[in-house]
Structures are given as structure tokens and as C-alpha cells.
Amino acid sequence: MKKVYLAAIAGNIGMLSVGQFFGWASPTLPKLIQDKDAEYPVHLTFDEASWIAALLTLGTTFGSIICALVVNTLGRKNTMLFAAVPSIIGWLIIIFATSPWMLYLSRIISGLALGIAYTVTPMYLGEISPPKIRGNLISMLTVAVNMGIVIEYTIGPFLSVKTLALVSLVSPCLFIAVFLWVPESPYYLMLRNDKKRTIKSLVQLRGKEDVYKEADRIEESIKADFVKNSGFRELLFVPSNCRALRIKVCLSIFQQMSGIHAILQYAETIFNKANTNLEDKYLTMILGTVQLICTIVCMFITDRCGRKLLLIISSIGSACSTAMVATYFTLQCYDVDTSVLEWLPAIGIFMYIIMYSVGLAPLPSTISGEIYPMNVKALGIMLSLSVANITAFLITKLYAVFADNIGTYVSFWIFTASSFLASLYIFFYVPETKGKTLEQIQEKLNKLPKK
């Protein structure tokens, strides 16, 4: 199994790279708003900064659409390598930017990389993984993203905007150099009717010669899926596919409505409003590190505890955590003395990151790589990711509007209600996929009662 882990690690260097785009905003936007980087020619208003934070997720929507169009032609591996190109371009534009509009363009192009990577990487990881470790390997995706965020949180406050972009440029270049040597997905090779290369890929991934039974099972699965059509009609009107899409779309909406993008993009600003004793940049570094540690823990327990239980615990915990932050800012808004509660928002946000990271962060991507059949997988992941990105864009943009005009507490009460609703939805409608082959998951979706 060592070789499949190495392939997953190599693939996730690309996710680390795109994760840095998420982390870039928190240490950088305060500098650009407050003119702390005198050498950088771009300076921003708060409204311009909110657009820069939000446009990343809008670009991600277009990236997922591009991926759905090319992934069954280029293959999983080549599509993942292709995602590194807009990553590199995005960082280069930041390095040479001279106006806010160039930063807008950079974030949209960076979003293309995010959309492509987030669509194809769960597909690749799901297709190379044996059932008993598939949850671990797909959860590794979120660990890699969070590692990228932590890198930006940690080095960003101490580097100029241009230098930070130069350092961040290393990751997509490293990904290309490493991932070139990784085998293609055996499912994709069988899709191209190349059984010889499928067997070779499985031998490389499994580290053993006895892979013929697995190759035959993959061949049967591919033939069964592609006897059917592969368009939107098949996705939307075949009951099992529609159930898979509905489950993933709802999980994506609840994931974003819990508030993660607003909290990550505006972490320093939120801590600054909370009047904590520790400098906001250090709190943000600790926040990113806590998130990384918790997603690593989740990676190791997801195939032990199961997806459903962790998602329910995560949703309820996230709701309780954001309620703590909402309570503090509500009291502050109504001029109640909060001097004895200055610890509350920091504790609430840290608790939110912990609870979010053990379920809502990694497991929707894990489920995304598991529940769609091959013939509609690209379309299904593209649609659910597009919904997630549009929701994230609206949340990130509207958070700034609410915080500036109504009060930060309004956003956090919305996050709280959304997380509680998520726990109920997961309990009643999300099936357990732990330890099942991709074929067994499809059988289970076919047997579920109509909702």
C-alpha cells in the first residue's frame, strides 16, 4: 500500500498549492487596506478587499466547469497537471500587479486552478484507492489545502506582498516536477479501453502483480456505467444519480453556510474586532495550525468512525462554536460591557475550526469521490462544486457587507442556524459509505427510498 500513499501525497502537492490561495488573503488584505507595504503599488479600500476575497470562489465555479469538459478527454493525471498552469499565472499576476483590477484578475485565474483541482483530485484519489483506505486518502486532500493555508498564515505577516507571491510560486512548480512520475487512474485507463495500461497502473499503485481480479472488477463497473448515457439528463433523472447529486449539493451548501470562507478570509479582521490581548496575526497562525492538526486527525479516523457520525458531530459542534462568537458580537453591538468576555470570540472561532475540521471540512470531498458512477462523475462533481463556490462567493462578499453595515453578529447567527440544519439533514438523508467499494455504494443508492 506504500505506493498508493506516495501517489496520493504527490497528487496533494497540487492541493497544497491551491490551498495557499485561500490563506493569502488573511495576512495580505490588511496590509493593502492599511498601506503597510509601501513598496507594493496597489492599495485597497475595504470594499475592494472584499471583492478580492470573494472573486476566488467565483473563479472556482468556472474552473470546475472547465474540468468537467476536459477530464474524460485529457485524463485525471493530465487535468491535475493542467491545473498548475493557472496557479502559476495567478501568483505571477500578483507579483507584477499595479492596480486592484490586476488583483481581481489574479484571484479569478487562481479560482480556475482551485475549481479544476477540487473537481479532479477527489476523482483521482477515489479511483486509485482500495476501499479500506479510501477515506484516508481522499481526506488527505483537505489536509493538503490546510497545510497551504498555514504556510500563508505563518509566513505572510513577515513578508512583503511581492515576496510572499514569489515564495508561493514554488508549490505549483514542485507539483508539476513530482506528479509527472505518478501513474494515471486505472479507472480512466479502463474507460479508454486500455486494459494493459490499467493493469500496469494497478501494479504500480498496489506494489504487487496480482491485480487481475481488481482489473476485471473495474472493467465490469466501467461497462455497466457506460452502457448508460453520460449527460445532464442521466444525472438529473436517474434516481440513484439524482440522490447522489442532491446529497452532495446539500452538503456543499451547508459546508459553506457554516461560515468557513468568511472566517478564513477575514480571520485577522475578526480577531482585531474582538479586542484580544494576543496580536491578531499570531492568533491567525495558531488558528491555521489547529485546523491542520484537526484535519490530520480526521484523515486517520474517517475510515474507523465513518463519514456520517463525524459529519453530525462536526455540524453540531460548529453551530455551538459560531453561537459563542455571535453572542459576543451581539452584546458588543448593544453596548453591553464585554470586557470580561474578550476571550469568547477567539475561543469560539478556535472551537469552530476544530469542529469544522473533523467533518465538514474533509468529508464532503471524500463523499464526492465516492457516490457518483463513472458516467456522470465529472458532471456531478462539477455541479455540486459550482453550487459550493457560488454559495462561498455570496457568503464571503455578504459577510463584509453585513459586518460593515449591520453587525458581525448577524453573519454568525446565520452560520449557527445553518450548521444546526446541516446536522438534521445528515442524520436523515446522508448514507454511510465507509468500507464500501464504489460499486457497493451505487447499489446502496439504488436501494434508498425516494425522498
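A cavity is here a set of grid points where a 1.4 Å probe fits but cannot get out. In this predicted model, four cavities of 30 Å³ or more are found by that rule. The largest cavity holds about 380 Å³ of space.

Two or more lining residues come from each of helix H4 (100-128), helix H5 (134-155), helix H12 (239-257), helix H13 (260-265), helix H18 (363-371) and helix H19 (377-405). H19 provides the largest share of this lining, with six residues.

Attention now turns to a single side chain and its surroundings. Tyr352 is part of helix H17, which spans residues 344-357. Is this tyrosine, Tyr352, buried or exposed? Tyr352 counts as buried because its relative accessible area is 0%, and the cut-off for that class is under 20%. Leaving aside residues up to four places away in sequence, Tyr352 touches Ser258, Gly259, Ile260 and Ile263, as well as Ser318, Ser321 and Thr322. With one of these, Ser258, the contact is also polar: the side chains of Tyr352 and Ser258 meet at 2.8 Å. Gly407, for its part, lies 55 residues from Tyr352 in sequence, and the two C-alpha atoms are 20 Å apart in space.

Key. Residues numbered from 1 in each chain as written. Predicted model: local features only at pLDDT ≥ 70, side-chain atom pairs only at ≥ 80, totals over all residues. Heavy atoms only, no water. 1 Å grid on protein atoms, 1.4 Å probe; cavity = no way out; pocket = protein on both sides within 12 Å on 5 of 7 lines; lining within 4 Å. Points joined across faces, edges and corners; volume = space filled by probe spheres on them. Helix = DSSP H or I, 4+ residues; strand = E, 2+ residues; numbered from the N terminus. Buried < 20%, exposed > 50% of the residue type's maximum accessible area, 1.4 Å probe, protein only. Contact = heavy atoms within 4.5 Å. Polar contact = N/O pair within 3.5 Å; in protein donor to acceptor, adjacent residues only side chain to side chain.
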